[in-house]
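User: I would like to learn how to read the surroundings of a single residue and then an interface between two chains. Could you take me through both with the model at hand?

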Amino acid sequence: MMSKNDDKLIKREARVKLLAVTLLLVFALIIILRVENMLVSTLLAIVITYSLKPIVSYLERKGMSRTTSIVIPFIGVGLLLALGSWALSPIISQQLATAKVELPKFIAGFKTLLDRIGYHISYYVGPVMRDSFSEKAANYLQTLLQGSLTDLPTIMGKIFTVSILAPFFAFFLLRDGRTIMKHILRLVPNNLFELFLNLFHQINQQMGGFIRARALEALIVGGVTWLGLSLIGFPYSVFLGVFAGVTNLIPYIGPIIGATPAFVLALVYQDSATTIILMGGVYLAAQLIDMLFIIPLVVAKIVNLHPVTVVVVIIIGSQLLGVLGMIISIPVTSAIKLTVSAVYNHVVGFRV
Amino acid sequence: MNTLWENIFKKQAQQRSLTRILSDNILFQDLSTKELSLVEEIVHERHYRKGEFIFQQGEVGVGMYIIAQGSVDITLYDNQPLVPDGSKHVLVTRLEAGDFFGELSLVEDGGRRSASSIAAEDCILIGFFKPDLLEILERSPTVGIKIVFRLAEVLGRRLKETTDKIRVLRRELGHIQNKSTDPL
C-alpha cells in the first residue's frame with residue numbers, strides 16, 4: 001500500500017508539472033499575442049500546415065522521408081505562387097494603375113451618390129444635416145484612402161515579414177510538430193496525461209478538417225467571383241475576387257461584406273441595371289455553389305455550433321481582434337467547446 | 001480470475017532499450033528495424049511512482065501501456081462486495097516488465113477503463129495510444145496493418161480466455177446449485 005509520504009510526493013510532482021505546462025502555454029500565448037506579426041504568422045502557419053498535411057502524408061506513404069515529403073509540396077506551392085503572380089501581374093498592375101487614375105473620379109462619384117441619397121432623404125424628412133453629410137463622407141473617404149496609401153510601406157513590410165515567417169513556422173510545425181508536442185506532453189502530470197493527449201488529438205482532427213474545408217471554400221468562392229466578374233467585364237475583378245474569398249471566411253455576414261465593394265463601385269460609376277444584375281448574379285452563383293455543394297459536403301459536419309452561438313462569438317471576435325477575430329472565432333469556440341466537454345467527461349462524467 | 005489478466009505474451013524484459021522492448025511485444029513483433037523506428041518516434045515514455053494511478057476504472061481510455069521497468073497492479077472496484085471479506089476492491093493481477101495492458105482502448109470509441117492500474121513499485125511504462133495508431137495508419141499503412149492485425153489476434157485470444165473462464169464459472173455455479181438443492 002502507498003504511504004502518506006508517497007501520496008504527498010505524487011501530488012506535489014503533479015502540481016509542479018501542471019504549473020510548468022501551464023506557464024509554458026501561457027508564455028507561448030503571450031509571445032504570439034504581444035510580438036509584432038507573430039499572431040498572423042502563427043495563424044497562417046497553422047493554415048499552411050493543415051492544408052499541406054494530407055499531401056505530406058501521401059508522399060510519406062509512397063516511401064519518401066518526412067523531410068523530403070515536406071520539401072516537395074513547399075517547392076510545388078512556391079512554384080505555383082510564382083507562376084500565378086507572373087501570370088496575374090499584368091492584370092494586377094493594370095487594375096492598380098486604373099484605380100490610381102480613377103480615384104478622384106470615384107470620390108466625386110461617391111459624393112454625387114451621397115448627394116442623391118441625401119436629396120431623397122430630405123424629400124421625405126426635410127433637410128436634416130444633408131449639406132454637410134455628403135461633404136463629410138467624401139472627405140472621410142479621401143482621408144481614409146490617402147491614409148491607406150501612406151500606410152502602404154508599413155503594410156507591405158508586414159506582408160513581407162508574415163510571408164517569410166509563416167512558411168518557415170509551417171515547415172517546422174510539419175517536420176517537428178509531433179516532437180514538440182511530445183516534449184510538452186512530457187510535462188503533463190500522469191493523472192491528466194491521457195486527457196491531454198485525447199483532447200489534443202480531437203482538436204487537431206477537428207481543426208484540420210475545418211481549416212482545409214474553409215480554405216477550399218474561400219478558394220472556390222474567390223475563384224468563381226473573379227472569373228464571373230472578368231467574364232462580364234466588371235472592373236477590379238482580381239481584387240474583388242480575393243476580397244470575396246477572404247470575407248467569405250466570416251460566417252453569415254461575410255458574403256454580404258464581400259459583395260459590398262462591387263455594389264458601391266456599380267452605384268458610384270452609375271452602371272446600367274443589366275451590369276448590376278449580372279454582377280449580382282455572379283455573387284449569387286458563388287454563394288449558391290458554396291451553400292449547395294461545399295458547406296453540406298465538407299464544412300457542416302466539422303463544427304457543430306448553434307447559429308446563435310456563431311453570431312455571438314463573431315461579435316466577440318470582432319470586438320477583440322477585428323476581421324481576424326471574426327474569422328478565427330469559430331474554430332477557437334469549437335476548440336473551447338471540445339475542451340470543456342472532454343474535461344467535463346473526465347471529471348464529472350466519471351462512472352464506475 | 002487471475003488467468004483473465006495474466007499476460008500470455010509475456011517475455012523477460014528488464015530495462016532494455018526501447019527498440020528491444022517494442023520488438024519483444026507481440027503487437028510490434030512483425031515490424032522491421034526501420035518500421036520500428038517510426039513507432040519509437042511516436043510512443044510515449046512515462047514514469048510512475050509507487051502507488052500512483054496509471055489510470056482509474058471508469059475513466060475514458062485512450063490506449064495501452066507496455067511495462068518497461070517495474071510492476072503494475074490491476075484492481076477492480078464494485079458497489080457490491082467482490083470477495084468474501086466484504087471488500088469492494090480486489091487485486092486482479094500483478095503485471096511485470098514486458099507485460100502490457102489497456103489494449104482494448106486502442107479500438108474502442110470513447111470506451112471507459114474496466115479496471116484500475118496502479119504502480120506496484122516505481123516504474124517506467126511505454127504508452128501507445130489510439131491517436132498514435134491512427135497516425136501510423138495515415139503515414140505508413142503497411143506498418144499500421146501489421147500492428148492492427150496483431151492487435152486483433154490479442155483481442156481474439158483475450159475473448160477466448162474470457163469465454164473459457166465463463167464456461168468454468170458456469171460449471172462451478174451449477175455444482176454449487178446442485179449441492180444446495182441436494183437434501184443430503
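Analyst: In this predicted model, leaving aside residues up to four places away in sequence, A:Thr333 touches A:Leu305, A:Thr309 and A:Val313. A:Thr333 itself lies in helix α9 of chain A.

User: Is A:Thr333 buried or exposed, and how is that decided?

Analyst: A residue is called buried when its relative accessible area is under 20%. A:Thr333 counts as buried because its relative accessibility is 17%.

User: Turning to the interface, how many residues of chain A and of chain B are in contact, and what area do the two chains bury between them?

Analyst: On the side of chain A there are 28 residues in contact with 33 residues of chain B. The two chains bury about 2,900 Å² between them, with 49% of that area on carbon and sulfur atoms.

User: Which polar and charged pairings are found between chain A and chain B?

Analyst: Between chain A and chain B the count is five salt bridges, and one salt bridge joins B:Glu135 to A:Arg178, whose closest N and O atoms are 2.4 Å apart. Across this interface, 17 residue pairs are in polar contact, with both residues at pLDDT 80 or more.

User: Which helices of chain A supply the side that touches chain B, and what classes of residue does that side have?

Analyst: At least two residues each come from α1 (4-34), α2 (38-61), α4 (130-187), α5 (190-231) and α9 (307-347) of chain A, and α5(A) gives the most, with six residues. By class, the side of chain A that touches chain B has 11 nonpolar, seven polar and 10 charged residues.

Notes
Residues numbered from 1 in each chain as written. Chains lettered and ligands numbered in written order. Predicted model: local features only at pLDDT ≥ 70, side-chain atom pairs only at ≥ 80, totals over all residues. Heavy atoms only, no water. Contact = heavy atoms within 4.5 Å. Buried area = accessible area lost by both parts, 1.4 Å probe. Salt bridge = Lys/Arg side-chain N within 4 Å of Asp/Glu carboxyl O. Polar contact = N/O pair within 3.5 Å; in protein donor to acceptor, adjacent residues only side chain to side chain. Helix = DSSP H or I, 4+ residues; strand = E, 2+ residues; numbered from the N terminus. Nonpolar A, V, L, I, M, F, W, Y, C, P; charged D, E, K, R; others polar. Buried < 20%, exposed > 50% of the residue type's maximum accessible area, 1.4 Å probe, protein only.
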